[in-house]
Amino acid sequence: MVLSVKNLSFAYDSSKIIKEINFNIESGDFVSILGVNGSGKTTLIKCINKILNYSDGTVLVEDTDINKMQTRDIAKKIGYVPQSLEKGYMTVYDAVLLGRKPYIEWTLSQKDTEITENILKLLNLEKLSLRYLDELSGGELQKVVIARALVQEPKLLLLDEPTSGLDLKNQLDVMKIINKISKDKNISSLMIVHDLNLAIRYCDKFIMIKNGEIIVSGNMDELTSEDIKQTYGVDVIFGETNGISYIIPE
């Protein structure tokens, strides 16, 4: 088990945002977190990454309690892709190389540079390696953020709306990349996404949240129109074309 979340709760002051959340993620799983704005999705992954200190419950990463891990050790286990990245005056290569920080002692090793170059190649960023971040398109910048997380060699990848603000082609590119990486490198990926059709096309499992509580957790066979209505308040119809499932509002 790569990730095990048990009875996780989080509150701002006296207001509970996350309420006794329970789920597990196996190695290589690509899991989407779905729900309306304000349902607690971002708070959940920030608790898993120890960015926020949760009030109750347990988060285990490869059977180790996250609260007993040092920040540096967490960064070796968990790669985090936030909603936005401060661009700054930095090249793509340097921005990605920063992901090796948890492993660097005094100087860069050959392994650090090799991993960085391999990930740049994997995400087709080699030609952009000497470009500055503020010269990139939204899709290119998102790939850089993912690359920086991947050079950490994580067992778990947390992504907070990685397709937000991207055009259709770049949305598909990002989803394909995460799906491929999860399978080829056996990395577990937990991603917040708003587009239901992107989620059901590329993800293995789904966690639907409303008001800080899980409505349903499972694979496509376990997802029903009633679950979606309960989560979003919208009636939907399931369909399939050329082997690709989709959902449309009634």
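**Helix H6 and selected residues**

Tutor: In H6, the buried residues are Asn170, Gln171, Asp173, Val174, Met175, Ile177, Ile178, Ile181 and Ser182. This is a predicted model, in which local features need pLDDT of at least 70 and side-chain atom pairs count only at pLDDT 80 or more, while totals for chains, interfaces and linings use all residues. Residues are numbered from 1 along each chain as its sequence is written, and side-chain values use heavy atoms, with hydrogens and water left out.

Student: What covers the buried residues of H6?
Tutor: The cover includes strands E3 (30–34), E7 (156–160) and E8 (188–192), together with helices H4 (110–122), H5 (138–150) and H7 (196–202). Helices (H or I, at least four residues) and strands (E, at least two) are DSSP runs, numbered from the N terminus.

Student: How do you know that the span of H6 is close to the expected one?
Tutor: The expected span is 1.5 Å times one less than the number of residues. H6 (residues 168–184) has 17 residues and reaches 24 Å from its first C-alpha to its last, close to the expected 24 Å.

Student: Why is threonine 43 called buried?
Tutor: Buried means under 20% relative accessible area, exposed over 50%, and partly exposed in between (1.4 Å probe, protein chains only). Threonine 43 has a relative accessible area of 10%, so threonine 43 is buried.

Student: Why does aspartate 13 count as exposed?
Tutor: Its relative accessibility is 81%, and therefore aspartate 13 counts as exposed. Aspartate 13 is found in the loop between strand E1 (3–12) and strand E2 (15–25).

Student: What makes the pair of aspartate 29 and lysine 205 a salt bridge?
Tutor: A salt bridge is a side-chain nitrogen of Lys or Arg within 4 Å of a carboxyl oxygen of Asp or Glu. The closest N and O atoms of aspartate 29 and lysine 205 are 3.1 Å apart, and the two form a salt bridge. Aspartate 29 lies in the loop between E2 and E3 and lysine 205 in strand E9 (residues 205–210), so the pair ties together parts that are 176 residues apart in sequence.

Key. Contact means heavy atoms within 4.5 Å.
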